[in-house]
Amino acid sequence: MDSKDITSLDRTSMELNRISKDEGLSEAFMKLVNIMDELREKCPWDKEQTVDTLRAMTLEEIYELTEAIDEKNWKDIKGELGDILLHLLFYARIGKELQVFSLVDVIEAISNKMIRRHPHIYGDVRVENSEDVKRNWQKIKQDKEKAAILSGVPNALPSMIKAARIQEKARQAGFDWPEGDTKAVYDKVQEEMQELLEAEKAEDPAAMEEELGDVFFSLINYARFLKLDPDKALEGCNRKFINRFNLMERLAEERGRRITDADLHFDEMNNLWNEAKQILKEKKR
């Protein structure tokens with residue numbers, strides 16, 4: 001890190017100190033750090049945890065935060081952020097015990113990284129918009145950190161989110177359909193669908209699986225061109241289906257039936273589904 005980075009980091013630290021004094025941030029943060037340390041030393045359960053045992057719980061906390069964000073539930077967002085912050089401190093404490101890194105190391109590393117990757121703020125690089133920022137970010141990552149373009153996409157990401165990130169990274173490198181050419185992207189979806197149908201006709205399970213993956217990937221790409229979040233769109237569809245199905249089940253019970261009854265024909269069930277759909281549509285008006 002050069003002298004300009006150090007100066008910028010000192011300036012950032014001064015600003016954080018000002019905020020801390022104004023809002024009690026430093027005191028609150030250190031209180032939580034001390035609580036984490038005490039739990040690690042005295043609580044039998046906390047003492048047993050490792051990075052491996054925490055992993056699944058951390059993922060669960062992330063998904064709970066995601067759900068709170070989807071619902072715009074600010075109270076729950078605040079609570080889930082606290083849970084995640086505690087997990088971050090937990091990992092840092094374990095890192096310190098193993099003598100591989102400390103909390104200070106973590107904070108300094110991300111501070112230096114942010115300064116290095118924002119030369120338009122901490123240097124003399126000029127940008128016009130957020131796209132320029134993304135391109136600079138990728139270039140810096142390649143030039144200074146010698147990272148492959150797609151190396152920043154975690155393998156553990158859910159497949160749909162992972163596909164979207166892969167496509168975004170490729171776009172930043174210039175590998176993409178022409179800007180705004182949604183028709184070409186949609187035609188690609190149609191092409192992949194046709195290849196899936198051909199694999200089905202050939203009764204080739206391996207080819208069907210591969211082509212189905214291509215269909216999903218091309219649909220996610222199409223969503224990107226429409227400036228839509230495919231994961232959010234699918235989650236909205238999931239919730240819509242659950243609401244309709246639950247209402248359909250209640251409507252059947254009100255009529256002395258159960259949707260699991262063997263004599264409940266498809267047409268009758270479909271009528272219940274359409275009735276539930278109409279009821280929910282009218283509620284939204």
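Trainee: Where in the chain is the place of Lys183?

Mentor: Lys183 sits in helix 10. A helix here is a DSSP run of H or I with at least four residues, a strand is an E run of at least two, and both are numbered from the N terminus. Please keep in mind that this is a predicted model, where local features need pLDDT of at least 70, side-chain atom pairs count only at pLDDT 80 or more, and totals for chains, interfaces and linings use all residues. Residues are numbered from 1 along each chain as its sequence is written, and side-chain values use heavy atoms, with hydrogens and water left out.

Trainee: What makes Lys183 count as exposed?

Mentor: Its relative accessibility is 55%, so Lys183 counts as exposed. The cut-offs are under 20% relative accessible area for buried, over 50% for exposed, and partly exposed in between, with a 1.4 Å probe and protein chains only.

Trainee: How far is the C-alpha atom of Lys183 from that of Tyr222?

Mentor: The two C-alpha atoms are separated by 9.1 Å, while the residues are 39 apart along the chain.

Trainee: Now the helix pairs. How are two packed helices described?

Mentor: By the angle between their axes and the distance between the axes. The axes are lines fitted to C-alpha atoms, for helices over the stretch in contact, and the angles run from 0 to 180 degrees between N-to-C directions.

Trainee: At what angle do the axes of helix 2 and helix 5 cross?

Mentor: The axes of helix 2 (residues 25-42) and helix 5 (residues 74-97) cross at roughly 55° and come within 10 Å. That makes helix 2 oblique to helix 5. Angles under 35 degrees count as roughly parallel, over 145 as roughly antiparallel, 65 to 115 as roughly perpendicular, and the rest as oblique.

Trainee: What is the hand of that crossing of helix 2 and helix 5?

Mentor: Right-handed. A crossing is left-handed if the near helix is turned anticlockwise from the far one by less than a right angle, and right-handed if clockwise.

Trainee: Which residues of helix 2 and helix 5 meet?

Mentor: Helix 2 brings Phe29, Leu32, Val33, Met36, Asp37, Arg40 and Glu41, and these meet Leu85, Leu86, Leu89, Phe90, Arg93, Ile94 and Glu97 of helix 5. This contact has nine nonpolar, no polar and five charged residues. For these classes, Ala, Val, Leu, Ile, Met, Phe, Trp, Tyr, Cys and Pro count as nonpolar, Asp, Glu, Lys and Arg as charged, and the others, Gly among them, as polar.

Trainee: At what angle do helix 4 and helix 5 pack?

Mentor: Their angle is about 160°, with the axes 9 Å apart. That value makes helix 4 roughly antiparallel to helix 5. The crossing is left-handed. The contact divides into 13 nonpolar, two polar and six charged residues.

Trainee: What lies in the loop between helix 4 and helix 5?

Mentor: Lys72 does. Lys72 has a positive phi of about 50° although it is not a glycine. At 52% relative accessibility, Lys72 counts as exposed.

Trainee: And what makes Glu203 count as exposed?

Mentor: Its relative accessibility is 67%, so Glu203 is classed as exposed. Glu203 lies in the loop between helix 10 (182-201) and helix 11 (205-225), and has a positive phi of about 55° without being a glycine.

Trainee: How closely do the axes of helix 12 and helix 13 come?

Mentor: Helix 12 (residues 230-254) and helix 13 (residues 266-284) have axes that come within 8 Å and cross at roughly 115°. Their crossing is right-handed, and the residues of their contact are 12 nonpolar, one polar and three charged.

Trainee: To finish, how many helices and strands does the protein chain have?

Mentor: The protein chain has 13 helices and zero strands. Of its 285 residues, 24% count as buried.

Technical notes: Contact = heavy atoms within 4.5 Å.
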